[in-house]
Amino acid sequence: MIVVNPLQIGVDKTQDTQEQLDMKRKEIRNWDLWGPFIFCLILSVVLSSNTSADDSTLEFEIVFVVVWLGGGIISLNGQLLGGTITFFQSICLLGYCLFPLTIAATLNMVLGWLFTVPFFIKLIFTAIAFVWATYSSVLFMKEMVPADRKELAMYPVCLFYLFLCWFIVL
């Protein structure tokens, strides 16, 4: 019969959590902007292809500028709140978290080509993508900002993805 010390299990879990946190911090230091650029470009093209020919260029520009300007503002907000993440690391993180939104926009576009998609179906796909994108970015960003300022850092992230989701639904 094996007797397990509950305190030892608690210490092991704490060490695992610290190791996971260190691994996240190490991973986020390897930032690049190519992935976020590609996701932003795909999202802009997909959303602009769903509009009329007259408005497609304008929609592409709006989505592209909103992604990069919004990411910059969120990154600056994190810096001003005393975050330990750099500007470009934050841009990289927010850009890679565009993946679920890009998938939802592409899925809505392809389904729209095949048949008329009801609004609530688009809303379901986009809501799932919103939760996925927000959850993914919040997991990293909450550890990079002081504990007493986490809500101030998370609120703009949620608004950023919510604004992009509104473009996808419409």
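At what angle do α2 and α5 pack, and how far apart are their axes? The legends below work through that and a few other views.

This is a predicted model, in which local features need pLDDT of at least 70, side-chain atom pairs count only at pLDDT 80 or more, and totals for chains, interfaces and linings use all residues. Residues are numbered from 1 along each chain as its sequence is written, and side-chain values use heavy atoms, with hydrogens and water left out.

**View 1. The whole chain reads α-α-α-α-α-α-α.** You'll find seven helices and zero strands here (DSSP runs numbered from the N terminus: helices are H or I with at least four residues, strands are E with at least two). Of the 170 residues, 36% count as buried (under 20% relative accessible area, with a 1.4 Å probe and protein chains only; exposed is over 50% and partly exposed lies in between).

**View 2. Here α2 packs with α5.** The angle is about 25°, and the axes sit 9 Å apart (axes are lines fitted to C-alpha atoms, for helices over the stretch in contact, and angles run from 0 to 180 degrees between N-to-C directions). That makes α2 roughly parallel to α5 (angles under 35 degrees are roughly parallel, over 145 roughly antiparallel, 65 to 115 roughly perpendicular, and the rest oblique). From α2 come Phe39, Ile42, Leu43, Val46, Leu47 and Ser49, while α5 brings Phe99, Leu101, Thr102, Ala105, Thr106 and Met109 (contact means heavy atoms within 4.5 Å). By class, that's nine nonpolar, three polar and no charged residues (Ala, Val, Leu, Ile, Met, Phe, Trp, Tyr, Cys and Pro are nonpolar, Asp, Glu, Lys and Arg charged, and the others, Gly among them, polar).

**View 3. Now α2 (residues 34-49) meets α4 (residues 87-96).** These two pack at about 40°, with axes 8 Å apart, and are therefore oblique to each other. On the α2 side are Gly35, Pro36 and Phe39; on the α4 side, Ile91, Cys92, Gly95 and Tyr96. This contact has five nonpolar, two polar and no charged residues.

**View 4. Helix α7 spans residues 150-169.** Its 20 residues reach 29 Å from first C-alpha to last, close to the 28 Å expected at 1.5 Å a residue (the expected span is 1.5 Å times one less than the number of residues). Among the buried residues of α7 are Ala153, Met154, Val157, Phe160, Tyr161 and Leu164. The buried residues of α7 pack against α2, α3 (56-80), α4, α5 (99-114) and α6 (119-144).
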